[in-house]
Amino acid sequence: MTTDLECPKVMNNLITFLSSLLQRVAETNDLNPRYHPQKISAFHGLTRPTISIQSYLERIFKYANCSPSCYVVAYVYLDRFTQQQPALSINSFNVHRLLITGVMVAAKFMDDL
């Protein structure tokens with residue numbers, strides 16, 4: 001028996017939704033003067049990655065073999081992180097690194113025995 005999230009169409013829609021949401025957040029924060037100059041952290045890259053957030057999420061899904069619920073939990077982690085660290089906003093320089101970290105932590109919590 002499979003859950004709805006294990007259906008390829010549902011997962012594709014989930015990835016599209018999450019990537020669109022994160023893309024919008026990153027672009028909005030890139031333009032927000034409140035976050036300039038940007039606070040630099042270990043998650044901050046020197047340049048913007050060339051891979052889109054959607055392609056990155058699709059690649060993580062293809063190779064990480066974590067359960068579909070990890071992507072929702074990862075987004076919750078990112079949301080909580082930004083609430084706890086308001087000076088460190090999600091932007092186009094850190095979104096990919098924050099995303100892979102969130103998915104990894106979510107997989108550890110959700111999937112590890």
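Tutor: Start with the side chain of Asn94: one of its polar atoms sits 2.8 Å from the backbone nitrogen of Asn91. That's a polar contact (N or O atoms within 3.5 Å, one able to donate a hydrogen and the other to accept it; residues adjacent in sequence count only if both atoms are side-chain atoms). Bear in mind that this is a predicted model, with local features needing pLDDT of at least 70 and side-chain atom pairs 80 or more, while totals for chains, interfaces and linings use all residues. Numbering runs from 1 along each chain as its sequence is written, and side-chain values use heavy atoms, without hydrogens or water.

Student: Where does Asn94 lie, and is Asn94 buried or exposed?

Tutor: Asn94 is in the loop between H3 and H4 (helices are DSSP runs of H or I, at least four residues, numbered from the N terminus). With a relative accessible area of 1%, Asn94 is buried (under 20%, 1.4 Å probe, protein chains only). Beyond neighbours within four places in sequence, Asn94 touches Phe43, His44, Leu88 and Ser89 (contact: heavy atoms within 4.5 Å).

Student: Which residues are buried in H1?

Tutor: In an α-helix, 3.6 residues make a turn, so residues three or four places apart point the same way. In H1, the buried ones include Met11, Leu14, Ile15, Leu18, Leu22 and Ala26.

Student: What do the buried residues of H1 pack against?

Tutor: Their partners are helix H2 (53–64), H3 and helix H4 (95–110).

Definitions and conventions
Buried < 20%, exposed > 50% of the residue type's maximum accessible area, 1.4 Å probe, protein only. Helix = DSSP H or I, 4+ residues; strand = E, 2+ residues; numbered from the N terminus.
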